Amino acid sequence: YIERAEATLRVIRAVVGGSIEADLGPTLASPTMSRLIDTLVGWNAACRDGGSIAALCASAIDDVDRPGSVRALMATAAGIGAALRDRLAVDVWRLLRQPLPDFDAQVTESLLDASSRMIDRISALSGLAAENMTRGDGWRFHDMGRRIERALHGCQLAARFGGDGASADDLTVLLDLNDSQISYRNRYLTGPSVRPVRDMVLLEPHNPRSLSYQAARIAEHLAALPVLATDGLPELPQRVAGGIAALLGPLTGDSMTMADLADVQARLLGLSDAI
């Protein structure tokens, strides 16, 4: 749920960051802005008849009746945390219980600040998980959940913003949503282009936001978990994870297609069920 909230906040930040200097109107190319809004609507964080861009983003942050809103997702995470108080560090529980930042729903600068502060809070939670959690089987399930969620979001965002006809605005947004702008510029020293952007956000094995990175970490966790049967054969989750790795392994940004991406997404959903 926290990973899902972060993905939603990154989309909100892209929307208000793209409209902030146009008096509540989009400065990104309108097809790109429309795709960002479609993403929030598709994730059930907002609805298209929410009025202005600022009002739509405010709803995506604060509307508790929308199961995909940041408030609803963080409330669910806090509810799970309340049932696990004896297993969570005090700092984790404190961050989970903090209220959402105050913001002015009519001012894009205020929405941008609130979404950035929430991303900072989620980054702190991720840091606590990375540095403080004992690496037992419970932690492996926790991290697998995050990795699967991040991989699914990566598939959805790449399909929406990284298609064959993606514009420069689409690709810039895709890099932003995957927190990969700096890595991309350091490697390619050029503006965004479809094939190298796909390579960075989907296939780069050392990019902690890439699809391939998530698949590798999931496979590592599954290999380390106790087995349910003693026949020596790979169990279903391991077979599915192995299939995802085998599909992604030989691909490059030049050769990966949207059909490959849809295949990986379907396999990830099957992997979640198998786990």
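Helices here are DSSP runs of at least four residues, numbered from the N terminus. In this predicted model, histidine 206 is found in the loop that links helix 10 (194–203) with helix 11 (211–224). Its relative accessibility is 68%, and since exposed means over 50%, histidine 206 counts as exposed. Alanine 129 lies 77 residues away from histidine 206 along the chain, and the C-alpha atoms of the two are separated by 20 Å.

We turn next to a pair of helices. Two packed helices are described by the distance between their axes and the angle between them. For helix 2 (residues 30–42) and helix 8 (residues 168–177), the axes come within 9 Å and cross at roughly 40°, which means that helix 2 is oblique to helix 8. Helix 2 brings Thr32, Arg35 and Leu36 to the contact, while helix 8 brings Asp169, Asp170, Val173 and Leu177. By class, the residues of this contact are three nonpolar, one polar and three charged.

Empty space inside the model was also examined. Rolling a probe the size of a water molecule over the atoms shows where such space is left. Across the whole structure, the search finds one cavity of 30 Å³ or more, and the largest cavity has a volume of about 130 Å³. Its lining includes Glu3, Arg10, His153, Leu177 and Arg209. Helix 1 (2–19) and helix 7 (137–161) are the elements that give two or more residues to this lining, with the largest share, five residues, coming from helix 1. Taken by class, the lining holds four nonpolar, three polar and five charged residues.

Conventions
Residues are numbered from 1 along each chain as its sequence is written. This is a predicted model: local features need pLDDT of at least 70, side-chain atom pairs count only at pLDDT 80 or more; totals for chains, interfaces and linings use all residues. Side-chain values use heavy atoms; hydrogens and water are left out. Buried means under 20% relative accessible area, exposed over 50%, partly exposed in between (1.4 Å probe, protein chains only). Axes are lines fitted to C-alpha atoms, for helices over the stretch in contact, and angles run from 0 to 180 degrees between N-to-C directions. Angles under 35 degrees count as roughly parallel, over 145 as roughly antiparallel, 65 to 115 as roughly perpendicular and the rest as oblique. Contact means heavy atoms within 4.5 Å. Ala, Val, Leu, Ile, Met, Phe, Trp, Tyr, Cys and Pro count as nonpolar, Asp, Glu, Lys and Arg as charged, and the others, Gly among them, as polar. On a 1 Å grid over the protein atoms alone, a cavity is a set of points where a 1.4 Å probe fits but cannot get out, and a pocket is an open set with protein on both sides within 12 Å along at least five of seven lines; lining residues have an atom within 4 Å of a point. Grid points are joined across faces, edges and corners, and a volume is the space filled by probe spheres set on the points.
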